[in-house]
Amino acid sequence: MKIVFFGTPHFAVPTLEKLLNQPEFEILAVVTQPDKRRERGNKLIHSPIKTVAIDHNLPVWQPPRIKKDTETLTQLQQSDADVFVVVAYGQILSAEILEIPRLGCINVHGSILPKYRGAAPIQWCLYNGEKETGITTMLMDVGMDTGAMLLKASTPIALLDNSQDLAQRLSVMGGDLLVETLFHWQNQEIEPVPQDDSEATYAPLITKHNYTLDWSKTAIQLHNQIRGFYPNCTTTFRDQGIKIIASIPIGDAYCDDSTTEIKEIYEKLPDLSTRSGSIGEVVSIAKGIGPIAQTGQGLLLLREVQLAGKRPQSGWDFVNGNRLIVGEVLGNC
């Protein structure tokens with residue numbers, strides 16, 4: 001099977017590598033986003049997918065706007081590809097491009113469609129506290145993740161999973177599912193299933209506004225925001241910005257399906273039955289772990305933070321390095 005691969009970030013790498021390791025597949029070319037300049041030194045850097053392509057001596061096409069790039073359109077038309085595979089490419093393909101390959105264009109999407117169509121499915125499913133997510137392969141159409149579904153695979157979401165953890169797991173699942181999909185699709189062993197638009201949800205691009213922590217939210221809402229938009233969620237401490245990188249909501253409700261790691265942390269916590277404070281107030285400090293803050297409902301343990309201009313540090317190092325005391329308030333600017 002002859003394939004043109006479209007992809008850009010690390011999420012797409014396991015799928016491309018999986019295809020390269022299958023003798024039944026031939027990667028004709030790789031289409032990826034243009035190189036970007038690094039802030040320091042202003043050096044051009046390749047996308048992760050371009051790096052893999054170069055390592056395997058594959059042709060690389062990088063149109064700034066693929067819908068308007070006649071050269072890339074001609075290359076695609078002349079490629080004689082059986083199928084185009086698209087994994088987090090970052091640009092929308094035109095109807096003209098979608099109609100080129102004999103077996104169509106197959107997308108690997110990081111959710112169980114029709115939930116979480118859009119640019120950031122992994123982040124938003126964590127933000128919304130989902131307990132399960134997965135991968136869907138679909139036959140692309142001109143809509144935003146609206147094409148008929150081919151195969152699905154699911155995975156549970158643990159309380160401490162963040163977007164980086166989940167993306168890594170799903171990226172590997174995506175490669176496996178795509179290979180399975182291509183074999184069955186080529187042999188006409190899959191019947192595409194149309195999506196039910198009435199069940200669709202959306203995962204839009206994330207903005208800076210989404211990173212700001214509102215301590216009047218519940219502990220679990222804040223925890224889901226922190227892990228969903230990892231590692232960028234921000235608040236203030238002593239009138240300066242600070243990132244909250246990792247947290248744990250405190251409460252019996254999170255013990256039943258918790259990992260051994262969480263249970264061991266819970267065993268080290270001080271008695272919190274009588275601890276309460278104002279919104280954002282540090283009401284206790286867990287020795288060796290970090291500060292515990294009051295939220296709109298429940299308590300939140302801060303496991304890892306990053307002060308402006310500093311490297312990430314454990315919650316306990318944050319306490320000691322800043323001589324943090326009970327009664328100080330987060331988010332008071």
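View 1. Helices (H or I, at least four residues) and strands (E, at least two) are DSSP runs, numbered from the N terminus.

A word on the model before moving on: it is predicted, so local features need pLDDT of at least 70 and side-chain atom pairs count only at pLDDT 80 or more, while totals for chains, interfaces and linings use all residues. Residues are numbered from 1 along each chain as its sequence is written, and side-chain values use heavy atoms, leaving out hydrogens and water.

View 2. Strand β1 (residues 2-7) pairs with β2 in the parallel sense through 5 bridges, and here Ile 3 sits opposite Ile 27 of β2. Together with helix α1 (residues 13-20), these strands make a right-handed β-α-β unit: with the strands pointing away from the viewer, the path from the first strand over the helix to the second runs clockwise.

View 3. Follow the 7 strands in the order β5-β2-β1-β6-β7-β9-β10, an open sheet with mixed pairing. Strand β9 (residues 132-139) runs antiparallel to β10, joined by 8 bridges, and Glu 132 has Pro 156 of β10 as its bridge partner.

**View 4. Leu 19 in the largest nonpolar core.** A nonpolar core is a set of buried Ala, Val, Leu, Ile, Met, Phe, Trp, Tyr and Cys residues joined through side-chain atoms within 4.5 Å. The largest one here has 61 residues, and those with the most contacts inside it are Ile 3, Phe 5, Leu 19 and Leu 182. Helix α6 gives the largest share of this core, 8 residues. Leaving aside residues up to four places away in sequence, Leu 19 touches Ile 3, Phe 5, Phe 25, Ile 27, Leu 178, Val 179 and Leu 182; contact means heavy atoms within 4.5 Å.

**View 5. Helix α7 and its surroundings.** Helix α7 (residues 219-228) is largely enclosed by the rest of the structure, because 8 of its 10 residues are buried. Among them are Leu 222, His 223 and Arg 227. The buried residues of α7 pack against α5 (121-127), α6 (163-186), β13 (240-250) and β16 (299-307).

**View 6. Arg 117 and Asp 197.** Have a look at Arg 117, which lies in strand β8 (residues 117-118) and is buried, with a relative accessible area of 2%. Its side chain makes a polar contact of 2.7 Å with that of Asp 197. A polar contact is a pair of N or O atoms within 3.5 Å; within protein, one must be able to donate a hydrogen and the other to accept it, and residues adjacent in sequence count only if both atoms are side-chain atoms. Arg 117 also touches other residues, including His 109, Met 144 and Tyr 202.

**View 7. Cys 125 and Cys 233.** The count of disulfides (pairs of cysteine sulfur atoms within 2.5 Å) is 0. For Cys 125, the closest cysteine sulfur is in Cys 233, 15 Å away and therefore too far for a bond. Cys 125 counts as buried at 1% relative accessibility, and Cys 233 counts as buried at 0%.

Notes
Two strands pair if DSSP finds at least two bridges between them. Buried means under 20% relative accessible area, exposed over 50%, partly exposed in between (1.4 Å probe, protein chains only).
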